[in-house]
Amino acid sequence: MTVTYSSKVANATFFGFHRLLLRWKGSIYKLLYREFIVFATLYTAISVLYRFFLTGSQKRFFEKLSIYCDKYAEQIPVTFVLGFYVTLVVNRWWNQFVNLPWPDRLMLLISSCVQGRDEYGRLLRRTLMRYVNLTSLLIFRSVSTAVYKRFPTMDHVVGAGFMTKYERKLFDDLKSPHLKYWVPFVWFGNLASKARKEGRIRDSVDLQTLMNEMNKYRSWCSLLFGYDWVGIPLVYTQVVTLAVYTFFFACLIGRQFLDTDQGYQGHDLDIYIPIFTLLQFFFYAGWLKVAEQLINPFGEDDDDFETNWCIDRNLQVSLLAVDEMHMNLPRMEKDIYWN
Amino acid sequence: MTVTYSSKVANATFFGFHRLLLRWKGSIYKLLYREFIVFATLYTAISVLYRFFLTGSQKRFFEKLSIYCDKYAEQIPVTFVLGFYVTLVVNRWWNQFVNLPWPDRLMLLISSCVQGRDEYGRLLRRTLMRYVNLTSLLIFRSVSTAVYKRFPTMDHVVGAGFMTKYERKLFDDLKSPHLKYWVPFVWFGNLASKARKEGRIRDSVDLQTLMNEMNKYRSWCSLLFGYDWVGIPLVYTQVVTLAVYTFFFACLIGRQFLDTDQGYQGHDLDIYIPIFTLLQFFFYAGWLKVAEQLINPFGEDDDDFETNWCIDRNLQVSLLAVDEMHMNLPRMEKDIYWN
Amino acid sequence: MTVTYSSKVANATFFGFHRLLLRWKGSIYKLLYREFIVFATLYTAISVLYRFFLTGSQKRFFEKLSIYCDKYAEQIPVTFVLGFYVTLVVNRWWNQFVNLPWPDRLMLLISSCVQGRDEYGRLLRRTLMRYVNLTSLLIFRSVSTAVYKRFPTMDHVVGAGFMTKYERKLFDDLKSPHLKYWVPFVWFGNLASKARKEGRIRDSVDLQTLMNEMNKYRSWCSLLFGYDWVGIPLVYTQVVTLAVYTFFFACLIGRQFLDTDQGYQGHDLDIYIPIFTLLQFFFYAGWLKVAEQLINPFGEDDDDFETNWCIDRNLQVSLLAVDEMHMNLPRMEKDIYWN
Amino acid sequence: MTVTYSSKVANATFFGFHRLLLRWKGSIYKLLYREFIVFATLYTAISVLYRFFLTGSQKRFFEKLSIYCDKYAEQIPVTFVLGFYVTLVVNRWWNQFVNLPWPDRLMLLISSCVQGRDEYGRLLRRTLMRYVNLTSLLIFRSVSTAVYKRFPTMDHVVGAGFMTKYERKLFDDLKSPHLKYWVPFVWFGNLASKARKEGRIRDSVDLQTLMNEMNKYRSWCSLLFGYDWVGIPLVYTQVVTLAVYTFFFACLIGRQFLDTDQGYQGHDLDIYIPIFTLLQFFFYAGWLKVAEQLINPFGEDDDDFETNWCIDRNLQVSLLAVDEMHMNLPRMEKDIYWN
Amino acid sequence: MTVTYSSKVANATFFGFHRLLLRWKGSIYKLLYREFIVFATLYTAISVLYRFFLTGSQKRFFEKLSIYCDKYAEQIPVTFVLGFYVTLVVNRWWNQFVNLPWPDRLMLLISSCVQGRDEYGRLLRRTLMRYVNLTSLLIFRSVSTAVYKRFPTMDHVVGAGFMTKYERKLFDDLKSPHLKYWVPFVWFGNLASKARKEGRIRDSVDLQTLMNEMNKYRSWCSLLFGYDWVGIPLVYTQVVTLAVYTFFFACLIGRQFLDTDQGYQGHDLDIYIPIFTLLQFFFYAGWLKVAEQLINPFGEDDDDFETNWCIDRNLQVSLLAVDEMHMNLPRMEKDIYWN
C-alpha cells in the first residue's frame, strides 16, 4: 500500500515537516530499526572490548587503527555516489508509475464507438475490454511478486474470470518458445476488425483510434516488462552498496571514543553514545533504503504499487463503463447558468 | 495565490535581485520567521546558560562538547542531500502545473464541430462542456484541500451547477467500490457518439478528434491524481528533514562562542551574535521550505496553485466559448496590409 | 537582441574560448562592471580603514573578525546552490524558447488546404492567419515588457492591423472577468468550420489537421503564459541571492590582507589587490547574473528573446505564404539528376 | 544475457542489498578481478621494494614522494567526474533499450487490417512482416558485434529466411554509395500501397496507420544507429579514464604504509594491507566499469542486450501473429461477471 | 567526421578503456597539445626564473606568493562549474544530433502515396522530394560553416541541382526582409494539395499524413536553427572559461616546487616535473575542450556532424526511393518458414 502523506503537507507551516518524523508506517524507523540494532550492538561490543578487555598496548594499537579508519571513512564519497544512484532509481520508479496501464482511455472508446445495446453488442464490448485487462494481467504476473502469488498458474487467471476456458485452450495451442502475453492483444485487434466488418464499429477512423489506444496500452505494458527485465546494472548497485557498507564498517572502529588521556586530536571528549554517527547511519542507510524500496516497486513494501488492487479496479470499472453505462445517458437539462 | 515576480526581473540590472530580498509575500522571511525565532531563542538560552550558570568544569565539558558538535555538524551533507531532494520536488511541482487540466482545447473543438444554433445544439454543447469541467472538479476535490473545503459534498457540486440533480442520481446509482471520477468522462463519450448518430457531429473524424482531446484531458486529471496518490517516498523526506534538523541541533551547541581565554583553535573572537550561523539557518531552512511549499502545490500556501480560481475560470470561459460564441463570427474585412 | 556567438566557436581551436573573453556585448563585464566597482570600492575602503585609521587593539579585533569571516565564507555552499539553481533557470529559459509560437506549421496548412484564389478565398486565408497572429500577440502583451510597451492598449493592436475595428467591438462585448486571449482562437475554429461547410476546406480530415495545429499553437502560447505566471518560487531565488550576497559580504572582511607581522596562518603575504577574490566575484556574481538574465527572457536584456521582431516576422511571412504564394507554384522541371 | 535481479529486491528487507554482494554473474568481482590482481601485485611490489630493497636515503625520498602523491591523489576529482560521466552513459544506455525496435505494434495492425485468409492474403501479411524484421536486422548488423558475427554476409541473412533470393538481387541492384538498410522499408510502403489498391487494405485510414507505425519503427532503428554512430565524444571518455587511472597510479605510491618510526603525520600505523585503498579501487574502478559495460550495450557482456534473441523472437512471434492468428478468434462467451 | 569508437568498447574487458587512451584522432592529445606546450613552457620559464635568476629575498617573496596562489587555486570550484556546464553542452549537442532532418519518413510516404509511374508522376515525386531536401539545405547553410563554404551563394544551390533556375527566380521575387528558408516548404504544401486535386494523391488522409511529416521535418530544421541562433548565454561560457583559465594561471605560480630547505609545509620534495599538475591540466582543459567541441557541432572539428555528407546522402537516397523504387517491388515468394 502506497504511503500517502501529501494531505499532511498541503500547507507549509511552522516546522511543517516535523510531523512527518513521527510516523511509523513506511517510515525510516520501520525500515531501518533492525539494521540500526545490529549496528548499535556491534558498536557497543567493540566499545566494551576496547574499554575493558584490551591490554595497554592493544589499546594503543586499537587507537591508531581507529584514527586510521576514521580518516579513510571521511574519504569514502558516500554522499555523492548515493546522490547520483538514488536520483537514477527515483526516476525509474516514477516512470514505472507513470506507465502503469490504465484501461480508462480504451473503455471510453469502446463504450462510445462499439455499437449495439443487444446481447451481441454487450458481449463484444465486454470481450474487448476483457482482452485489455488480460494483457496487463499477464504482464503483471511476470513483473510483480504480489500478483504472481495471487495468480500462480493460468488456471487462477481463468478462475478469476479474466479468460474463458476456450480462450485458455487456444492460448495453450499456440506454439511459441517465447512469452505469450501479446496473444490477447492480437485477439483484440482481430475482434475489433471483425466488429468493423459487421458494422458494429462504424468506420476505419473509429477502428484505428481503438487500435492506436490498444497499441499505447501495450507499450505501457511492455515498458513495465522492460523495467523489470533490464534493471540498473548489478555492478552499479554493488558499487553503491559496497561504498555504504564500507563506510559503516569504518565507522564502527573509527568513531569509537578513544581514551581522552592519550591526547589524540579531536578525542578529548567521551560521551559513550556516538550520537552523530548514529544519525549519519540514519541518513545514509535511510537514503540507501529509499533505493532499496523503489528499485522494484512491484513487491510488497509499504511503498510499493498496489498492483492487485489495480487489477481488480480496472476490471470492475471497465466492465461497468462499457456495459451498464453504454448509451445510458442522463437526460439533458439546462444548466443553472443557461442565459 | 501564486507569487508572480517575473516582471520585476525582466531586465538584469544593477544588483538586480536585491529588490527581491525586500518582499514579504511568499518570502523566506514570512515562511521562516517563526522557526527563526525558536532557533534564536534556543541559541540564546544555551549561550546564557554557558556564560552565566555553568561552573568552571561544566564550562570545560561544554566547550569540548561544542567543539565535538561543530566538527560533526560540518560532516552532515546537508547541501548535497537538499540539492538532490529539492531538484526532485521542483520537477514534480512543475510537472503538476503543466498537467493542470485546461478545457481550452476541448472548447475550441466543441464550439466548432458540434453543429446547430438551436436550443438542442446549445444544450448539447453546454452539456458536453459541463462534463469536461465536472471531470476535473471531481479530481480537484480529491487532490486539493482548498477545493475540498469549497465542495465538501456532492451536494455542493450540484449546487454550483456542475451537475444536475438527475445526473447526481445516476452517478450515485452506479455501484462501484472505487472512485467514480471517470463517470462524467464516459457520459461525455457516449453523448458525443449519440450526437454523431444524430448528425450534430458531422463524421467520425470530428468525433475522434473530440475523443482524443477528452482522453488527453482525462490523462492530465489522472496524472494530477497520481502525483497526489504516490508522493515522494516518505523515507526520502524523512532523511532530508532529519539531516537538516540534526544540522541545526548540532549548530545550537557547536556554534556557541567559547571562552576566548581557553585558547581553543578558531575560538579567539566572541561577537555574541553568530551571524553566519543565522544566515546558514536561512539558507538551509529556506531551501527545505522550498520543498515544503512545493511538495503539495494544492494547499493554501502563498505559492500554491489557485485551483478554485481555475475551476471558476474554466466553467465560465468554456460555456461562453461553446454557447454565445458558437458561429458568432466577426464580419470578415480586408486587413490593412491587403495588397 | 540575442547574442549569437556560435559561429565564433564552430571549430575547437588553440585556446578556442579565449576570444569569447574579449567581447563586450552580452558579456560578463558589461553585466557586472557596476557591481564590481561597488565591491572593489567597499573592499578598498575597509582596507584603508584597517591600515591607516584603526588603533592597535582595534586592528587586533579586526584581524580576528577577518579570520572568523574567512572561515565561515568557505562554509557557505555558494557553488552548489548556484549550480542547482542555474540549471533550473537555464532549463526553464530553453523551454520557453522552444515553446515560442511560430505560425509556420499553420501557414503551410492554410496555404495548401483552404481553397480558392478569388477574393473570398484570400480573405478567408488572411483572416484565419490574422487570428493566429492575434492569439500570440495577446499572449506576448502579457508576458513581455517590450511588447507591452509597443502595444500598451488594444487600440495599438487594432492600429497595427492585427485586429479590425469590428473584431475589437465583438471582443469587448464578450463579458468575462478573465483574460480573453483565447477569443481569436475560438473565432479561428468557428471560421474554419464555416469554411468547411462552404466547401473551402475540403473535408473533416483537412479541417481537423488545422484544428490540431491551432491547438498546438495555443498550447505553446499558454505554456509561455504559464512560465510567466508561475515562476520559480520566490523563496528559492531569495535563498540563492542571500547565499551569494552573504558570501561577498563575508569576503569583504575575511579576504583583507592582514598585517604579516602578526604571524596569522596564511597571512604572510600582502599584495594589496586580492586578485583571487576579485576573480571569485566574477565567477559567482557572473553565475548569478546568468540566472538573472534568463529568469525572464522577455525583457530587454542583451540576451533576451526579440519578441517584437518575432511578431513582425510572423505576420509578414505568414500573410505572404497564405496569400501571394497560394497555388503560385514554380513550373515543374526535370532536375539535373533525371535518369 | 542481461543480468536480472529485480525479483531478488522486490521487498526492502533486513540488509536487503547484501545478498546482491554475493553474486558472481555480472558482478563487480567478475568484471574487476583481473584489474584488481594487477593493482594488488603492483602495490605489493612497491611495498616490498620500499621495505626491503631501498637504502635509508632512498627510503626517505620515497617517503616524501609517497606523501606528495597522497596529497595530490586527494585533489583529483574522480567522484565528481565519474558521477557526471556515468549519469550520461546510463541515460544513453537506457534510451537505447527503450528504442529497441519491437514489431508488436505493427503485427497487431497487419494482423487486423490486411484482409484475406487465402494464400495471397497470407503471403501479403507474411511478406510485410518480413520486411519489418529485415529492416531491424540490417540495423542490428551495423550496431551489434554479436549480430554481425551471426550474419557476417547478406548470404547469411538470406539463409536465415529474412530475405528471399529475388529480394537479395533487387537489393544488390540498387546503386547507392550509402547504407541501404532503408530499402526493405520502402518496399514495405509500396507493398502496403499496392495492397490498398487491391482492396486488401480497406482504406487510406488503415493504410496510413500502418505507414505511421512503420515510420515509428524505422525511427527506433535509426536512433539505435545514431547512438552507435555518434558516441560520447572520445575526449570525454579519455578525460574520465585518465582521471581514474591517474588516481590509482597516485595511490600505488601514495597509499603505501610508511615507516612508523619516521613520525610522518597519519603514518603511525602499519597494517600491511591497505584495506581502504583496495575498497576504493572497487568503488571507482567499479563505477568506471559501469560506464564501460553500458557505453556499447550491443556487445557480448553479461549485461548487454540479447539482440540475437530479440531477432529470433521477433520473427517467430510476428509471423505467428499475422498468419496463424489472423481472424482465428476464440468463440465469444459470456464472462463470469455477466449481470 | 565523427569519431566512432563504439566497436572498440563493445565488451568490457581487462582494462577496457586503456586502448582508447592511445588514439590520436579526435583525442584529447590532438586537441590539447598546443595548449599543453604553452602551459609547460610558461611553467618551466617561471621555474627557471625562480631557481636561477631571483635573489634571496625575491625568492622568499615568490615562495609566499606561490603558497598564496596554491591556497586559492584549490578554492576555485572548477570541477563543479565544469560539471554543470558540460552537462548542459552535451545535452544540447545530443538534441541537435537527434533533430538532424532525415527525409526517410517523407520518402516512404511520397514513394507509396503519390501515384503514377508515368513521367508526370515521377516529376511530381522528385520535385516534392527536392523541396524537402532544399528546405534542409537552406537551414544547413545558415547553421553550418562547412555547408556555407560549399554553397556560398544561391547559385551554388542551383548548380548542385537542389533548385531549378525558375524556382530561383520565383524565390528571389518574393519580397520579405526575413530569411526565406520556409519558401520551398510552402511550395511543397501547395504542390501536394494540387496533386490531391489531380488525383495523384488519393484522398485527404494521404495528403494530411504527408503534410504532418513535412511539418515535423520543418520543425527539426527550425530547431537546429534555434540552437544556432540562441546559444548558451555568453556570460555562462565566460564564467566557465574564466574559472578554468584562472585556475591554471594560479597553478603556474602555486604549483612550483619551492626550495625544500625553507621547510614550507608540503614542500619537502622537488621532482622538477609537476606531474599531477600536468595531469590536472589534461583533466580540466580536456573537459573544457569537450564543451568547446560540442558547443557548435556544425563546424569542422573531428567530432562534428558531417553535414555535407548528410546533404548528399539525403538527396541521392531520397530520389532513388521515390523514383526508381516506386512500385518496383520484388516478386512475393513464400518464405522458408511457410507452414
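How many residue pairs are in polar contact between chain A and chain B? Let's look at the views of this predicted model one by one.

**View 1. Polar contacts join chain A and chain B.** The count is 21 residue pairs in polar contact, both partners at pLDDT 80 or more. Between these two chains there are also four salt bridges. One of them pairs B:Arg126 with A:Asp335, whose closest N and O atoms lie 2.9 Å apart.

**View 2. Several helices of chain A supply the side that touches chain B.** Seen here are helices H1 (28-53), H2 (56-75), H3 (78-98), H4 (104-113), H10 (204-229), H12 (275-294) and H13 (307-322) of chain A, each giving at least two residues to that side. H12(A) provides the largest share, with 12 residues. By residue type, the side of chain A that touches chain B splits into 53 nonpolar, 25 polar and 21 charged residues.

**View 3. The interface between chain A and chain B buries about 9100 Å².** Carbon and sulfur atoms give 68% of this buried area. In contact across the interface are 99 residues of chain A and 100 residues of chain B.

View 4. The copies use different surfaces, as 5% of the contact residues of chain A recur in chain B.

Note on methods:
Residues numbered from 1 in each chain as written. Chains lettered and ligands numbered in written order. Predicted model: local features only at pLDDT ≥ 70, side-chain atom pairs only at ≥ 80, totals over all residues. Heavy atoms only, no water. Contact = heavy atoms within 4.5 Å. Buried area = accessible area lost by both parts, 1.4 Å probe. Salt bridge = Lys/Arg side-chain N within 4 Å of Asp/Glu carboxyl O. Polar contact = N/O pair within 3.5 Å; in protein donor to acceptor, adjacent residues only side chain to side chain. Helix = DSSP H or I, 4+ residues; strand = E, 2+ residues; numbered from the N terminus. Nonpolar A, V, L, I, M, F, W, Y, C, P; charged D, E, K, R; others polar.
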